[in-house]
Amino acid sequence: MELLANILISAMIAATPLLFAAIGELVAERSGVLNLSVEGMMIVGAIAGFSTVIATKSVLLALAAAIASGAVMAALFGVLALTLRANQVASGLALSMFGLGLSALWGQGYSGLSAPAFPRLFVPGLSDIPFLGKLLFGQDGLIYLSLTMVAAVAWVLDRTRLGLIVRAIGENHDAAHAIGYRVVALRYLALMFGGAMAGLGGAYLSLVQTPLWVERMTAGRGWIALALVAFAAWRPWRVLLGAYLFGGITILQLHSQALGVKIDAQLLSMLPYLATIVVLVVISRDVVKVKLTAPQCLGKPFHAAD
Amino acid sequence: MRASRLAKLVAGSAVAGLMALVGWAAHAQTKPKVSFVYVGPIGDHGWSYQHHQGLQALKAEFGDKIDTNYVENVPEGPDAERVIDQLAASGSSIIFTTSFGFMNPTIKVAARYANVKFEHATGFKQAPNVATYNARFYEGRHVIGLIAGKMTKTNTVGYIASFPIPEVVMGINSAYLAAKSVNPNIKFKIVWVSTWFDPGKETDAAKALVDQGADILMQHTDSPAAMKFAEEKGIYAFGQASDMASFGPNAQLTSIVDNWRPYYIRRVKALLEGTWQTSDTWDGIKQGTVSLAPWSRKLPADVVKLAETARDGIAAGTLHPFTGPINKQDGSPWLKEGEKASDKDLLSMNFYVAGIEGALPK
């Protein structure tokens with residue numbers, strides 16, 4: 001039981017950076033912007049959070065710095081892709097590399113330092129329940145925040161006027177513009193929300209999962225988050241499913257190796273990718289529905305007709 | 001008239017171009033460029049970091065007699081060939097490619113640039129202009145295996161492995177045999193993470209191993225993430241490639257430290273003197289390429305003595321970590337009583353020794 005609880009907790013921790021980054025990117029993409037610089041925004045968030053916690057010892061300030069730096073990176077992308085109407089794919093790739101370089105420069109002098117332990121939730125009574133207590137009430141606050149963000153994004157996109165407008169500009173920006181919505185301004189907001197979430201995901205990595213700073217520590221998680229959004233057919237709850245599947249199978253395969261299960265390690269390493277893709281493709285196999293949720297203006301530049 | 005003027009112009013610019021080319025070549029000859037290709041970031045505080053220390057040593061040793069440059073974060077695969085080719089084409093005199101997976105790209109590019117010298121770390125393919133070099137890390141693994149066997153309370157060592165190549169397999173076998181020799185109940189739990197560098201995944205692997213009872217961690221991956229995790233958990237770990245004590249002041253018992261400086265200085269000196277030749281170098285504790293970070297204060301005196309005796313024995317050549325009788329995992333005999341493993345056997349090692357549980361990925 002103890003081992004099972006530990007496996008589940010590790011899986012949640014492994015999934016959380018992906019979840020943050022993917023749910024943010026989902027909002028940006030639903031508004032019609034394809035921002036490929038998730039990896040760059042995550043790693044900048046990671047060093048922003050880490051350097052702030054070293055300087056101030058305050059976890060809250062560190063998270064604020066990570067959110068802000070991710071949003072600034074996204075705004076930079078907005079200037080290139082929305083204001084100057086540069087190619088979105090090229091701008092995203094360029095900013096991704098820029099983020100990796102910037103973080104390496106910023107991080108000089110921070111490697112070898114230790115972040116203070118991240119506070120964990122403790123609910124008297126509830127956190128002491130064997131098995132479930134630790135699992136449900138004993139984690140760091142960011143895990144709960146990431147789950148809340150999924151619910152919030154799902155609710156806003158599907159149930160509110162703001163969500164409807166965001167989806168409308170992602171679906172047909174000319175029509176949305178014609179009835180008076182400010183396409184570019186709203187896309188900036190969606191982008192910056194995505195950047196903020198990616199920054200938070202990066203900070204989760206450098207403050208909670210692996211509380212240290214090493215160059216390139218995101219190690220491709222931004223790209224996995226991007227893939228999750230597409231394979232989840234742009235639906236928030238499927239992003240959650242995808243991220244937890246990926247995290248869960250990653251941890252399970254490590255444990256099964258340690259237990260001595262006789263399956264090739266290479267196959268096990270491939271399993272998280274394979275299983276996540278298969279499951280998401282199978283549940284999203286209805287072509288018509290996928291076409292309905294895929295933002296039709298994704299990646300297309302918007303020219304306001306004068 | 002007009003035609004001859006044109007001809008003069010063409011001839012004139014050709015001569016100018018040629019002179020520029022000769023001048024460039026002469027310049028290139030007076031100042032060789034030494035290039036490095038790293039698989040990880042130089043800030044990984046492990047493998048690539050130590051090679052970069054070697055580059056710094058070259059700068060200090062030869063000053064303005066050489067130019068240096070490097071490319072970091074080069075993935076093993078098609079990208080590597082492009083990077084190495086680019087360095088060769090842009091005037092490098094010697095290129096050090098510092099990861100096992102750069103072997104085939106290095107050989108391929110070297111065939112195209114006969115005048116450029118190549119040095120490939122940890123591989124086994126040579127050519128007239130490709131030398132190989134490696135370090136006997138398994139000697140260091142023997143020493144940490146002895147320490148782990150003595151220091152574990154759960155009799156379980158957690159091992160974070162990268163890829164099933166001979167160098168890594170050799171390390172596991174060496175550490176296991178040493179640990180087993182001082183602790184017959186020792187068990188190794190081995191997790192392959194299929195990456196050299198992913199701090200998050202290395203931490204996850206460390207966590208999985210500790211959840212399953214390991215109380216000492218060994219790693220053959222490049223980041224200090226596992227050391228940091230061990231420090232948090234209050235258990236012991238061994239650093240990899242460089243001294244990781246700053247990440248685990250209480251956790252680190254010692255580290256296997258790669259010191260490439262002497263080799264790099266020797267080879268670039270040979271290049272400058274025109275005596276460079278292809279070679280296959282495999283140095284270890286004796287030559288100082290493999291060294292051990294200062295012992296932790298938590299090691300009892302008898303364990304320190306055991307470790308130092310082994311280290312000094314290896315340096316003196318009286319102790320070989322792979323001395324028979326040793327059987328393979330499947331029970332078939334490998335080394336007879338007193339027989340020592342040949343370098344050829346070691347460099348192609350693709351089996352676990354008897355006693356290790358789990359299947360070695362192929």
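Biologist: Is the crossing of H11(A) and H12(A) left-handed or right-handed?
Modeller: A crossing is left-handed if the near helix is turned anticlockwise from the far one by less than a right angle, and right-handed if clockwise. By that rule, H11(A) and H12(A) make a crossing that is right-handed.

Biologist: What kind of model is this?
Modeller: Residues are numbered from 1 along each chain as its sequence is written, while chains are lettered from A and ligands numbered from 1 in the order in which they are written. Local features need pLDDT of at least 70, side-chain atom pairs count only at pLDDT 80 or more, and totals for chains, interfaces and linings use all residues, this being a predicted model.

Biologist: Are H11(A) and H12(A) roughly parallel or roughly antiparallel?
Modeller: The axes of H11(A) (residues 236-258) and H12(A) (residues 265-283) come within 9 Å and cross at roughly 160°; such axes are fitted to C-alpha atoms, with angles from 0 to 180 degrees between N-to-C directions. Angles under 35 degrees count as roughly parallel and those over 145 as roughly antiparallel, with 65 to 115 roughly perpendicular and the rest oblique. H11(A) and H12(A) are therefore roughly antiparallel.

Biologist: How many residues of the contact of H11(A) with H12(A) are charged?
Modeller: Contact means C-beta atoms, placed from the backbone, within 7 Å; on the H11(A) side the residues include Arg238(A), Leu245(A) and Gln253(A), and on the H12(A) side they include Leu268(A), Pro272(A) and Val279(A). Asp, Glu, Lys and Arg count as charged, Ala, Val, Leu, Ile, Met, Phe, Trp, Tyr, Cys and Pro as nonpolar, and the others, Gly among them, as polar. The contact of H11(A) with H12(A) has 11 nonpolar and 7 polar residues, and the number charged is 1.

Biologist: Which helix gives the most to the side of chain A that touches chain B?
Modeller: Between the chains, 31 residues of chain A are in contact with 31 residues of chain B. H1 (2-30), H9 (183-209), H11 and H12 of chain A each supply at least two residues of that side, which has 14 nonpolar, 13 polar and 4 charged residues. With 6 residues, the one that gives the most is H11(A).

Biologist: How many nonpolar residues are in the contact of H1(A) with H9(A)?
Modeller: The axes of these two helices come within 6 Å and cross at roughly 170°, which means that H1(A) is roughly antiparallel to H9(A). In the contact of H1(A) with H9(A), 7 residues are polar, 1 is charged, and the nonpolar ones number 17.

Biologist: How many residues of the contact of H2(A) with H3(A) are polar?
Modeller: H2(A) (residues 38-56) and H3(A) (residues 59-83) pack at about 150° with their axes 7 Å apart, so they are roughly antiparallel. H2(A) passes H3(A) in a right-handed crossing, and the contact residues include Gly45(A), Ala48(A) and Gly49(A) of H2(A) along with Ala62(A), Ala66(A) and Gly70(A) of H3(A). The contact of H2(A) with H3(A) has 12 nonpolar residues and no charged ones, and the polar count is 7.

Biologist: Which residue has a positive phi although it is not a glycine?
Modeller: Look in the loop between H10 (221-231) and H11 of chain A, where Ala233(A) is found. The phi there is about 55°, and the residue is Ala233(A).

Biologist: Is the peptide bond from Gly324(B) to Pro325(B) cis or trans?
Modeller: Pro325(B) is found in the loop between H10 (301-316) and S13 (326-327) of chain B; helices in this naming are DSSP runs of H or I with at least four residues and strands are E runs of at least two, numbered from the N terminus. With omega near 5°, the bond from Gly324(B) to Pro325(B) is cis.

Key:
Contact = placed C-beta atoms within 7 Å.
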